[in-house]
Amino acid sequence: MTAWRDQWREFIQKTSYMRHLRERGISNDQFWREYEIYDEILELMGYPGRILDRISSLIHPGSTVLDIGAGTGAFSIPLSRIAGRVIALDPSEHQLQVLMRKAMGIDNIKAICDRWPDAEILERIDYTLAAYSLFHEDIEAFLRRMIDVSHSGVFIVFRAEPPDPLNDFAYGPKPHIDYRCLHSILKEMGHEFEVELFPRDYRLPIRYVLKQYRYSERSPEEIMDYLRSTGRLDDEMMVSFHSSDALLYTP
């Protein structure tokens with residue numbers, strides 16, 4: 001377990017957005033307020049796409065779903081049409097405010113501003129979901145509590161392949177992990193999870209890409225030159241991407 005756990009801890013410390021919060025001394029709210037095009041980018045990326053359809057097919061109607069790191073509701077809002085109740089948990093009050101504005105008129109979503117695994121949840125939970133929200137160094141504690149509170153199933157969404165090479169160009173070489181690290185940790189904890197992969201190909205306007213990489217020490221011109229040299233920035237100033245998401249879930 002130690003090797004996988006150490007890899008995860010190094011990933012969180014050196015790679016995740018939590019590093020930006022620490023290095024810049026900013027809060028979750030500040031980070032997300034600066035990233036005001038987040039929802040637009042998700043839509044252009046085709047996320048969550050087919051992975052949402054798959055999770056929806058596995059949830060029993062009328063059940064209670066805890067969405068850990070719910071953000072602006074990419075999963076919480078559509079799942080509320082199936083579930084009897086959705087609890088949207090996120091450490092950013094700003095993100096939850098956006099979520100609840102988008103969910104206006106939907107009465108079965110409850111927002112809680114807190115961090116997992118320390119949040120106090122008093123209701124019975126049928127399913128827990130964590131989609132790209134496992135930013136906790138003690139990953140075993142995070143996963144263990146997800147499993148312990150879930151009466152029917154657990155869903156985890158994480159990247160299925162190495163990050164975009166643009167990441168290393170923009171920020172320098174960093175440790176890379178994918179869903180296999182989580183799958184191995186879960187297995188060593190005694191839990192077998194099913195895995196399905198969902199590829200996505202999409203394009204983003206260059207202004208959105210530069211916003212995504214706003215903390216890079218590379219200049220916008222350097223990033224654009226890199227994308228041109230790799231054939232990814234076209235004459236319409238659109239950047240091509242390929243990504244793949246992994247869904248880990250209990251049978």
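Biologist: What makes the strands with the order 3-2-1-4-5-7-6 a sheet?

Modeller: Seven strands form an open sheet in that order, with mixed pairing. Strands are DSSP runs of E of at least two residues, and helices are runs of H or I of at least four, numbered from the N terminus. Two strands pair if DSSP finds at least two bridges between them. The edge strands are strand 3 (109–113) and strand 6 (194–205), each pairing on one side only. This is a predicted model, in which local features need pLDDT of at least 70, side-chain atom pairs count only at pLDDT 80 or more, and totals for chains, interfaces and linings use all residues. Residues are numbered from 1 along each chain as its sequence is written, and side-chain values use heavy atoms, leaving out hydrogens and water.

Biologist: How do you know that strand 1 and strand 4 pair?

Modeller: Strand 1 (residues 64–68) and strand 4 (residues 125–131) share four bridges in the parallel sense, and at least two are required. Ile68 has Ala130 in strand 4 as its bridge partner.

Biologist: Which class does Cys113 belong to, and which Cys181?

Modeller: Cys113, with a relative accessible area of 44%, is therefore partly exposed. Cys181, at 2% relative accessibility, is therefore buried.

Biologist: How many disulfides does the structure hold?

Modeller: A disulfide requires a pair of cysteine sulfur atoms within 2.5 Å, and the structure holds zero disulfides.

Notes
Buried means under 20% relative accessible area, exposed over 50%, partly exposed in between (1.4 Å probe, protein chains only).
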